[in-house]
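Trainee: I have a model open and want to learn how to read it. Can we go through it feature by feature?

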Amino acid sequence: MSIRKLLSDERGQSLIQFAFMFIVLLAFAGITIEAGNVYSVRRQLQNAADAGALAAARELCMGRGVQSAIDKAHDLMRRNGLSNADLGLSSVSVQGNRVTVTARTHAAVLIGRVLGWGGEDGTVEVGATARSACGAADSACGLWPVAFDVVLFRNVQCGQSIVIWDADNDGVNATCTINGQPRPVCDCYICDLDGDGADDFTVATTIARGWLDFPDPPPDERVYVDPCKANGCGAAELACRLRNSFGGRVKLPACIPGLRGIKAGVKDDVNARAGQSVGLALFSSINCAAGSNCTGHDAQTYYVTDFGCARVTGWVHTFRLNPKPGMPRTVRAITSKAVLATKDCSNDCVTFCGSTNGEPAQDGQLRAASLIP
């Protein structure tokens, strides 16, 4: 065989090998493009599923029922690009306080069909699932600057009043001691005003409540202008918070500084919220580690482990407690300024920028809607 013929054969083999490698590379490029397209479609589906699940959970939090939650989920999925045909493939299920949304559609494939992907119509089904819940809030914003002892608050019945007693301002503390043992205030004083055998209110004294000096939120959460923080800890900030609530997010558990006493001059600010539902911090202990702008004998820190909800009644300039019959003469009638609220177990008890781990909310707990794992 001549050298010229040998070189010609080698060139022919090289061209065949190059053509084969080019086809393989082209196939890989096409598969990569199609995989990227399928991934992009799935990402859009995930956004639609997330939006639908979150909207449905919020409907549950508002007490609007299962069908309303399902309808809202479909609406948000449609707004995020799903067609009516896609909605026919998708599903929304509600079980108790939890929602599961699965969004599905078909993505076109061409080269993938050669490898057995997809159906005869040249598409492959793509899906994404999201889960959400309306449950007890484990983070919340829009809180009123009032903290209650968690045990006291849980023992209050739905619709029962809470009298926030102003001992520090008037110098008259509401206490009850029987046989040398401290007891709830209503064991010494008449709290059953209508005589039906059930107390109409609970008295929250300085050891069972406080006024909070909310901390600055971290830089990545400063998405609002705080109208109150510039006032510093004191009467001006408290008055501002009573009118506006706290726009930042508080995550459980939290150690929040505050004050025991009621600051004078907040009557109008309390009354401005009369009839409204407000979120509250509930503490399990005091004097945890936290920085504070608060100073003086009534400065304190509160270890917040839960959130509650109350409906503001208003400010009472002279709230009177009368001793129960048979009490010793040392238990005398007392009066003080007070803030009145009632434990709220209604559908108004929701924080719209909080989160939940999915645990169902109990009566009077602040509720939140969020995606869950």
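Trainee: Which elements each supply at least two residues of the lining of the largest pocket?

Mentor: Rolling a probe the size of a water molecule over the atoms shows where empty space is left. A pocket, on a 1 Å grid over the protein atoms alone, is an open set of points where a 1.4 Å probe fits, with protein on both sides within 12 Å along at least five of seven lines; lining residues have an atom within 4 Å of a point. Here, α5 and β8 (201-204) each supply at least two lining residues. The largest share, 3 residues, comes from β8. Helices (H or I, at least four residues) and strands (E, at least two) are DSSP runs, numbered from the N terminus.

Trainee: What should I know about the model itself?

Mentor: This is a predicted model: local features need pLDDT of at least 70, side-chain atom pairs count only at pLDDT 80 or more, and totals for chains, interfaces and linings use all residues. Residues are numbered from 1 along each chain as its sequence is written, and side-chain values use heavy atoms, with hydrogens and water left out.

Trainee: What volume does the largest pocket have, and which residues are closest to its centre?

Mentor: Its volume is about 500 Å³, the space filled by probe spheres set on grid points joined across faces, edges and corners. L152, R183, P184, V185 and V203 are the closest to the centre, out of 23 lining residues. The lining divides into 12 nonpolar, 7 polar and 4 charged residues. Ala, Val, Leu, Ile, Met, Phe, Trp, Tyr, Cys and Pro count as nonpolar, Asp, Glu, Lys and Arg as charged, and the others, Gly among them, as polar.

Trainee: How many salt bridges are there?

Mentor: Side chains of opposite charge can pair when their charged atoms come close. The rule: a side-chain nitrogen of Lys or Arg within 4 Å of a carboxyl oxygen of Asp or Glu. The count comes to 10.

Trainee: Which residue forms a salt bridge with D306?

Mentor: R154 does, with the closest N and O atoms 3.1 Å apart. D306 lies in strand β13 (residues 299-321) and R154 in helix α5 (residues 150-155), so the pair ties together parts 152 residues apart in sequence.

Trainee: Is D306 buried or exposed?

Mentor: D306 is buried, at 5% relative accessible area. R154 is exposed, at 54%. Buried means under 20%, exposed over 50%, partly exposed in between (1.4 Å probe, protein chains only).

Trainee: And R64?

Mentor: R64 meets E59 in a salt bridge (3.1 Å, N to O). R64 is partly exposed, at 48%, while E59 is buried, at 8%.
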